[in-house]
Amino acid sequence: WLARQGQAVLVEQSATCLAYVTSKLAHCQGAMPCAVEGGWREMAPYDALICTDMLEHVPEPMALMHDLWSFLKPGGHALLRFDTIFPHPGHLQASILEFPIWKEWLKTETEIIEVERYCWCRKPL
């Protein structure tokens with residue numbers, strides 16, 4: 001998507017991580033890095049959401065998932081992954097305990113297209 005100059009908003013809580021991702025994608029003209037405090041909410045709704053390998057790192061993963069999902073257009077696609085490996089550097093045990101809630105949320109609130117390493121789903125119309 002980015003290689004084809006598609007617009008994307010990269011949201012990251014950590015300024016260090018945001019700088020790293022920005023440098024990795026410097027060749028992609030459509031990438032617009034934003035800190036969490038930035039204006040990414042005002043740019044919603046979004047056509048797609050990629051939320052991989054981060055829910056296990058935040059204190060309230062389901063609250064964040066609901067927040068992010070609210071910015072996705074009806075019919076929009078999402079690529080999601082919630083890693084449950086513990087102990088693992090940076091993973092929070094309390095967050096990983098919310099994985100069954102997340103799994104049930106996927107079944108009831110999304111249209112699942114495919115599940116392999118990642119879950120590809122769609123927000124119902």
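Student: Which residues does Trp-69 touch, not counting residues up to four places away in sequence?

Tutor: In this predicted model, Trp-69 is buried, with a relative accessible area of 8%. Not counting residues up to four places away in sequence, the residues that Trp-69 touches are Leu-49, Ala-78, Trp-105, Glu-109, Thr-110, Cys-121, Arg-122 and Lys-123.

Student: How many aromatic pairs does a search of the whole structure find, and is the pair of Trp-69 and Trp-105 stacked or edge-to-face?

Tutor: A search of the whole structure finds four aromatic pairs. In the pair formed by Trp-69 and Trp-105, the ring centres are 5.0 Å apart and the planes stand at 80 degrees. Planes over 60 degrees apart count as edge-to-face, so the arrangement of Trp-69 and Trp-105 is edge-to-face.

Student: How many residues apart in sequence are the parts that the pair of Trp-69 and Trp-105 ties together?

Tutor: Trp-69 belongs to helix H2, which covers residues 61-70, whereas Trp-105 belongs to helix H4, which covers residues 99-109.

Student: Is Trp-105 buried or exposed?

Tutor: The relative accessibility of Trp-105 is 6%. Buried means under 20% relative accessible area, so Trp-105 counts as buried.

Student: Are the rings of Phe-82 and Trp-102 stacked or edge-to-face, and where do Phe-82 and Trp-102 lie?

Tutor: The ring centres of Phe-82 and Trp-102 are 5.5 Å apart with their planes at 65 degrees, so this pair is edge-to-face. The pair links distant parts of the chain, 20 residues apart, with Trp-102 in helix H4 and Phe-82 in the loop between strand S4 (72-81) and helix H3 (93-96).

Student: Which residues do ring pairs link into a cluster?

Tutor: Phe-82 and Trp-102 are both buried. Ring pairs link these two residues with one further aromatic residue, and the cluster consists of Phe-82, Trp-102 and Phe-99.

Student: Which element gives the most to the largest nonpolar core?

Tutor: The largest nonpolar core has 19 residues, and those with the most contacts inside it include Leu-49, Met-65, Trp-69 and Trp-105. Strand S3 (46-52), H2, S4, H4 and strand S6 (119-122) each supply at least two residues of this core. With four residues, the element that gives the most to this core is H2.

Student: Which residues of H4 are buried, and how many degrees does their arc around the axis cover?

Tutor: The buried residues in H4 are Trp-102, Trp-105 and Leu-106. They are on the same side of H4, because the arc that they cover around the axis is only 105 degrees.

Student: Which residues are exposed on the other side of H4, and against which elements do the buried residues of H4 pack?

Tutor: On the other side of H4, the exposed residues are Pro-100, Ile-101 and Lys-107. The buried residues of H4, for their part, pack against H2, S4, S5 and S6.

Student: Which backbone oxygen does the side chain of Thr-110 reach?

Tutor: Thr-110 is found in the loop between H4 and strand S5 (111-115), and at 9% relative accessibility Thr-110 counts as buried. Leaving aside neighbours within four places in sequence, Thr-110 is in contact with residues that include Trp-69, Trp-105 and Pro-124. At 2.6 Å, the side chain of Thr-110 reaches the backbone oxygen of Leu-106.

Technical notes
Residues numbered from 1 in each chain as written. Predicted model: local features only at pLDDT ≥ 70, side-chain atom pairs only at ≥ 80, totals over all residues. Heavy atoms only, no water. Phe/Tyr/Trp six-rings, centres within 6.5 Å; stacked < 30°, edge-to-face > 60°. Buried < 20%, exposed > 50% of the residue type's maximum accessible area, 1.4 Å probe, protein only. Core = buried A, V, L, I, M, F, W, Y, C linked by side-chain atoms within 4.5 Å. Contact = heavy atoms within 4.5 Å. Polar contact = N/O pair within 3.5 Å; in protein donor to acceptor, adjacent residues only side chain to side chain. Arc of directions from axis to C-beta.
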